[in-house]
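Subject: Structure handover

Hello,

Please find the structure below. My notes on it follow, beginning with a sheet and ending with a helix.

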Amino acid sequence: MLVLHTSNLASSSLLHRQAANNIGPSHCTRRSGKPLRAAQAPSSTTSSSLEMLLPDNTVRESVQQYYTQLQGSEDLKTSACKTKTCAPIPGFMRKYMSDLPEEIVRRYYGCGTPLPSGISGLRVLDLGSGTGRDCYVAARMVGETGFVTGLDMTDEQLSVANKYLEDYTRDVLKYQKPNMRFVKGEIENLTGAAIPDESQDLVISNCVINLSPDKEAVLREVYRVLAPGGEMYFSDIYCDRRLPQELRTHPVLLGECLGGALYINDFIRLARQVGFMDPRVLEQAEVDVNDAELREVLGEARFFSITYRLFKLPNRLEDLCEDYGQMAVYKGTIPGHTHAYVLDDHHKFVKNKPMLVCGNTASMVEESWLKPHFTVTGNRDTHFGLFDCSGDPAPASSSADCSTGACC
C-alpha cells in the first residue's frame with residue numbers, strides 16, 4: 001500500500017523549490033539552505049519533450065474502466081488518491097461534508113481538499129468531479145449567487161452525482177433552484193462540454209489531471225475558461241522524474257494516480273507556457289510506497305501530493321519576484337481564517353499586519369478574487385530590483401496531526 005508521510009514535508013518543499021530554480025525561480029524561493037539535489041531521470045527515458053503522450057483513447061479507456069469498476073475508496077490498491085489532508089479543514093467545511101449523502105462520500109476518490117474559503121458568489125468548475133463531493137460542498141460555499149459545474153467522463157459517477165441534486169438543494173441548501181450542474185466531458189476539451197471563454201472564477205480539481213493523457217491541453221483549456229483574476233486551485237500527484245513508458249502505461253498505476261504523475265519540472269514548464277507564470281505551492285507531502293512489489297516496479301522514483309495555486313493575471317505576473325516596495329494587509333475576512341491567511345508555502349498573512357510583498361504576490365491578492373480581503377499599498381511605478389525572498393517559509397500546517405497520513 002501507499003501512505004502519505006509528512007516527516008519529509010520540509011525536504012519535499014525544498015525539492016520543489018530546487019525544481020523551480022532549475023528552470024528559473026517561479027516565486028519567492030529561499031536562497032539560503034541546501035536543497036535536495038533534483039533526481040536524474042531514469043536511463044530508459046531519453047526524450048527531452050515536456051510530456052511523452054500516450055494514445056489518448058488507450059489512457060482514457062483504461063482510466064474510465066478502472067473507475068467504473070470501483071464501488072468505494074476502499075477498493076483502491078493504494079492511498080495516493082484517498083483523502084487524508086494534513087491541513088486542518090475549517091469547522092464549517094467539516095459540517096458541510098457531514099451533511100453529504102453517504103454514497104457520494106463513499107464513492108469519492110481524491111487527494112487533498114482543493115476548496116479555498118471565501119468563495120461566496122463565485123463561478124466554480126470542478127474537473128473530474130466524480131460523484132460530486134467537492135461540488136456539493138462548493139455549492140454551499142458559493143451560495144445562491146454563485147454556481148458550480150462538475151465535469152466528468154464516467155456515466156456511473158455522474159449518475160451518483162445527479163441522483164441527490166434536487167433533494168440536497170431543497171432539504172440541505174434550501175435554495176429555490178439548484179446552483180450546480182453536472183456535465184459529461186473530457187478535461188482536455190472543455191469546449192466540447194460547452195464551457196465558454198472566461199466563464200469561471202475558480203477551477204478546482206482533485207487528483208484527476210495526472211489521469212489525463214494530454215496535460216498541456218488541460219492547462220490550456222483551464223486558462224481559456226478562467227476569467228482574468230481567476231484561479232486554478234487543485235491537488236494532484238507529481239513525480240521527481242519522468243517515468244519510463246512501461247510505468248506510464250501500467251493500468252493499475254494509471255488508475256492509482258501514479259502512472260500519470262507528471263515530473264515536477266515539466267509541470268512548471270507547462271504551466272508557464274500556457275500563461276500561469278508563477279505557480280504557487282500551498283501544501284505538499286511525499287507519498288511513501290510501502291508495498292514491496294510496487295516499490296520494486298517504481299525503483300527510485302519519488303511521488304508527492306501537491307496542492308498548487310495558479311492565478312490567471314495576464315501581463316501582471318513576472319518570471320521572477322520583483323520588488324516595487326508594495327505592502328499587503330490581510331483584513332481577516334475569509335471564513336475559517338479569522339487571524340491569518342496562508343496564500344502559499346512562503347506567505348502567511350497575519351490579520352492587520354503589513355507585509356512587504358513582491359509584485360507578483362501583490363497582484364495575486366489585489367487583482368484576483370481575493371481582492372475584497374486584502375489592502376495593498378503601492379504600485380509598480382518604482383522598481384527596487386529583485387525581491388529578497390530569503391526569509392523563512394510559512395509554517396506547514398503544524399496544528400494538524402499527520403502521524404497516520406498526510407496531505408493527500
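**A sheet and the helix across it**

Three strands form an open sheet in the order β13-β10-β14, with antiparallel pairing. Helices (H or I, at least four residues) and strands (E, at least two) are DSSP runs, numbered from the N terminus, and two strands pair if DSSP finds at least two bridges between them. β13 (355-357) and β14 (374-377) are the edge strands, each pairing on one side only. From one strand to the next the twist averages 35 degrees.

This is a predicted model: local features need pLDDT of at least 70, side-chain atom pairs count only at pLDDT 80 or more, and totals for chains, interfaces and linings use all residues. Residues are numbered from 1 along each chain as its sequence is written, and side-chain values use heavy atoms, with hydrogens and water left out.

Strand β10 (residues 326-330) runs antiparallel to β14 and is joined to β14 by four bridges. Met327 has Thr377 of β14 as its bridge partner. Helix α13 (residues 359-366) lies across β10, β13 and β14, at about 140 degrees to β14. Axes here are lines fitted to C-alpha atoms, for helices over the stretch in contact, and angles run from 0 to 180 degrees between N-to-C directions. Contact means heavy atoms within 4.5 Å.

**Helix α8**

The axes of α8 (residues 215-225) and α11 (residues 264-274) come within 9 Å and cross at roughly 35 degrees. On the α8 side, the contact is made by Glu216, Leu219, Arg220 and Tyr223, and on the α11 side by Phe267, Leu270, Ala271, Gln273 and Val274. Of these residues, six are nonpolar, one is polar and two are charged. (Ala, Val, Leu, Ile, Met, Phe, Trp, Tyr, Cys and Pro count as nonpolar, Asp, Glu, Lys and Arg as charged, and the others, Gly among them, as polar.)

Nine of the eleven residues of α8 are buried, meaning under 20% relative accessible area with a 1.4 Å probe, protein chains only. Among them are Leu219 and Tyr223, as well as the charged residues Lys215, Glu221 and Arg224. The buried residues of α8 pack against β2 (123-127), β5 (200-206), β6 (226-239), β7 (262-263), α11 and β9 (303-311).

**The whole chain**

The protein chain has 13 helices and 14 strands. Of its 408 residues, 58% are buried. Among contacts between residues at least 6 apart in sequence, 81% join residues at least 24 apart.

Regards

Note on methods:
Buried < 20%, exposed > 50% of the residue type's maximum accessible area, 1.4 Å probe, protein only.
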